[in-house]
Amino acid sequence: MTDAVETRSLRRTFPARAGRGGGEIVALGGVDLSIPSGSVRGLLGPNGAGKTTLCKILSTVLLPSSGTASVLGHDVRHETLAVKRSIGVVFGGDRGLYGRLTPRQNLQLWGALYDLHGRALSRRVDELLERVGLSGRARDRVDGFSRGMKQRLHLARGLISDPRVLILDEPTSGMDPVAVRDFRGLIGELTAEGRTLLLTTHDMAEAEAVCDEVTLIDNGVLLATDTPARLAARLSTLERVEADGVADDVLAGLSALSGVSKAHRETGGRVVVHTTTPAATSEVLALLVSAGVTALRTVRPSLEEVYLHVIGDRGMLVSP
Ligand SMILES: Nc1ncnc2c1ncn2[C@@H]1O[C@H](COP(=O)(O)OP(=O)(O)OP(=O)(O)O)[C@@H](O)[C@H]1O
């Protein structure tokens with residue numbers, strides 16, 4: 001598979017503000033990123049990690065200080081127009097929407113900027129309003145819209161030029177659960193059409209649900225890229241076993257096993273055993289089974305736990 005987005009040693013700095021001792025702020029410190037065509041990549045990191053800077057460079061709003069970035073093989077510095085034609089950007093909030101206009105007018109205006117006119121534009125606008133579930137509100141003013149409805153309009157706006165690559169910045173913030181479910185369906189449709197998606201989010205459940213791979217970024221440096229499941233598997237130290245119907249003496253036996261960091265009973269009676277190695281997990285399971293316990297399961301760390309672990313304590317990241 002070819003890469004839809006590729007960056008090599010991508011660096012972006014900003015001059016530090018006066019009073020901060022001069023110098024520079026390193027927003028991106030030499031980033032190598034490859035996103036395969038047709039995949040959904042999550043970009044996760046705390047505030048100030050460099051996510052927006054990266055998205056801005058890919059959408060040609062900002063120039064790199066050094067290094068390269070390309071979209072569908074087009075260099076962001078030298079082939080700006082081709083990159084602009086390849087990419088759609090969906091930023092959240094009120095930015096870029098005209099409150100006094102209807103969603104139809106907003107999309108018509110935006111489409112005109114992409115050289116769409118007449119019937120082709122009308123057809124495209126209708127199709128997109130339908131796609132994001134706003135057809136019924138096509139004639140209402142946008143300033144009366146809820147945040148979630150504005151998010152959906154943003155998405156339609158990002159799709160107006162039929163881009164092959166889509167950058168989505170916190171796309172579901174403000175959406176209600178039904179809209180989020182529909183949005184996830186839409187993500188599936190967009191990738192089935194062969195589009196590549198890069199989405200930044202603070203919602204780990206969302207990243208886990210929709211992303212093929214997730215890249216963790218902090219301080220302008222990429223810390224890890226992998227599937228949510230494999231990222232979680234790297235942290236076998238956070239694996240745990242949950243079991244019901246465990247007698248006290250069996251619980252004591254579990255606590256005494258080497259490789260068990262913690263074994264306790266929760267309020268409802270369920271026993272939770274934290275292990276530090278896959279071998280210890282096997283031993284815990286064997287002991288439980290030999291004690292006649294059948295209601296048990298192993299639980300892998302969630303993406304949220306992985307995130308907190310990696311961002312909170314980078315030294316704990318285990319190489320594959
Ligand atoms: N125009 C600018 N001038 C000076 N510093 C900037 C500018 N834009 C970004 N930065 C700095 O670069 C770093 C990365 O910022 P960036 O906005 O890319 O982070 P982010 O990961 O998108 O954060 P958030 O989740 O808060 O949106 C931060 O230290 C930020 O203060």
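Let's start with a pair of strands: E1, covering residues 3-15, runs alongside E4, residues 66-71, and the two pair in the antiparallel sense over five bridges. If you want a landmark on this pairing, look at Glu6, which sits opposite Ser70 in E4. Keep in mind that you're looking at a predicted model.

Now step back to the sheet that holds these two. Four strands make up an open sheet in the order E2-E1-E4-E5, with antiparallel pairing. Which strands stand at the edges? They are E2 (24-36) and E5 (74-75); each has a single partner strand, so one side of each is left without a neighbour in the sheet.

On to the helices, where H3 is a handy guide. H3 takes in residues 103-113 and H4 takes in residues 118-131; their axes come within 10 Å and cross at roughly 130°. Angles over 145 degrees would count as roughly antiparallel and 65 to 115 as roughly perpendicular, and H3 and H4 are therefore oblique to each other. As for the hand, H3 passes H4 in a right-handed crossing. On the H3 side of this contact you'll find Pro103, Arg104, Leu107, Gln108 and Gly111, and they meet Leu121, Arg124, Val125, Leu128 and Leu129 of H4. Sorted by class, the residues of this contact between H3 and H4 come out as six nonpolar, two polar and two charged.

By class, the contact of H3 with H5 is made of five nonpolar residues, one polar and one charged.

For the complex, the predictor gives an ipTM of 0.97 and a pTM of 0.80. One stretch to read with care is residues 314-320: pLDDT stays under 50 there, and the model has eight contacts beyond four places in sequence for these residues.

Note on methods. Residues numbered from 1 in each chain as written. Predicted model: local features only at pLDDT ≥ 70, side-chain atom pairs only at ≥ 80, totals over all residues. Pairing = 2+ DSSP bridges. Axes fitted to C-alpha atoms, helices over the stretch in contact; angles between N-to-C directions. Parallel < 35°, antiparallel > 145°, perpendicular 65-115°, else oblique. Left-handed = near helix turned anticlockwise from the far one by under 90°. Contact = placed C-beta atoms within 7 Å. Nonpolar A, V, L, I, M, F, W, Y, C, P; charged D, E, K, R; others polar. pLDDT = per-residue confidence, 0-100.
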